[in-house]
Amino acid sequence: MEALDRHLQWDSQRWSDAIVMDFGCGSGLLSLPLARRCRKLYAVEPSEGMLTTLKDRHHNQPHPRGVIEPVQIYLNDQTVGQLNGQRFDLIVSSMVCHHLPDLPSTITLLASLLAPNGCLVVFDLENDGNACWFHDEQAKIDSGVIADDGFDCQYMREVFCRTGLRVELCETDFFCTKTVLDKEGKEICVVFSVLVVVGRRNV
Ligand SMILES: C[S@@+](CC[C@H](N)C(=O)[O-])C[C@H]1O[C@@H](n2cnc3c(N)ncnc32)[C@H](O)[C@@H]1O
């Protein structure tokens, strides 16, 4: 939330009017604080287990907890109809892109779901040479991780521009550390850089 606030600088009025999607929301780390701010938060996620955790967490939040619409779909051109034509003032995607089989077509789809002046904000691993350590080998097999080398800013900028979005920001945003197992099974602490891309749909 802190990173989003830094980049969007929306006032409380803008937030309280906003219809927001958390694309690939997982168990709702971002969805819960987002829902407290906006008019309605669509939590889009294919995993029933993740959405159940999100709903439980949401239920246990103190008031005001905001309005969450869980949407259990793997979002693509075939399933987008289940959003019933809803347009979004903000679509946020955190650590989802490196799981996507076709990033450009998903970014094109998300861009098409923005309301006029709406923003698409993506956070994901940067290709700093460490990104391949983020998931362990078994997790990669289990989760079907696809592009685990991360992304560089220039590529992301091109992908966003091709959809017609105006790129307002594309840069390394913050660093996080994670303890992982090296090839000998020894624990090592790895620093990962996370990039942010902010694209706006022109009115
Ligand atoms: C690494 S998790 C990130 C979860 C959450 N955004 C966070 O930052 O904690 C990636 C999530 O994206 C979801 N995901 C991947 N592709 C998706 C798609 N096409 N539509 C919706 N969710 C998707 C996965 O099911 C998974 O829960």
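In the predicted model, seven strands form an open sheet with mixed pairing. The strand order across this sheet is E3-E2-E1-E4-E5-E7-E6. Strand E3, residues 68-71, and strand E6, residues 166-181, stand at the edges; each has a single partner strand, so one side of each is left without a neighbour in the sheet. On average, neighbouring strands are turned by 15 degrees against each other, with direction ignored.

Another helix, H7 (residues 153-162), lies across E6 and strand E7 (187-200). Helix H7 runs at about 135 degrees to E6.

The protein as a whole contains seven helices and seven strands. Read from the N terminus, the elements follow the order α-α-β-α-β-α-β-β-α-β-α-α-β-β. The radius of gyration is 17 Å, close to the 17 Å that the globule rule gives for 203 residues, so the protein is as compact as a globular protein of that length. Taken along the principal axes, the box filled by the C-alpha atoms is roughly 50 × 40 × 35 Å. Of the 203 residues, 33% count as buried. Among contacts between residues at least 6 apart in sequence, 66% join residues at least 24 apart.

Ser-27 is found in the loop between strand E1 (19-23) and helix H3 (31-37). The number of other C-beta atoms within 10 Å of Ser-27 is 18. A residue counts as buried at 20 or more such atoms and as exposed at 12 or fewer, so Ser-27 is partly exposed. Leaving aside residues up to four places away in sequence, Ser-27 touches Met-50, Thr-53 and Leu-54. Ser-27 and Ile-73 are 46 residues apart in sequence, and their C-alpha atoms are 14 Å apart in space.

The ligand is surrounded by 18 residues. The closest of these are Gly-24, Gly-26, Leu-75, Ser-94 and Val-96. By type, the shell around the ligand divides into eleven nonpolar residues, six polar residues and one charged residue.

Notes
Residues numbered from 1 in each chain as written. Predicted model: local features only at pLDDT ≥ 70, side-chain atom pairs only at ≥ 80, totals over all residues. Helix = DSSP H or I, 4+ residues; strand = E, 2+ residues; numbered from the N terminus. Rg over C-alpha atoms; globule rule 2.2 N^0.38 Å. Contact = placed C-beta atoms within 7 Å. Near = placed C-beta within 6 Å. Nonpolar A, V, L, I, M, F, W, Y, C, P; charged D, E, K, R; others polar. Pairing = 2+ DSSP bridges. Axes fitted to C-alpha atoms, helices over the stretch in contact; angles between N-to-C directions.
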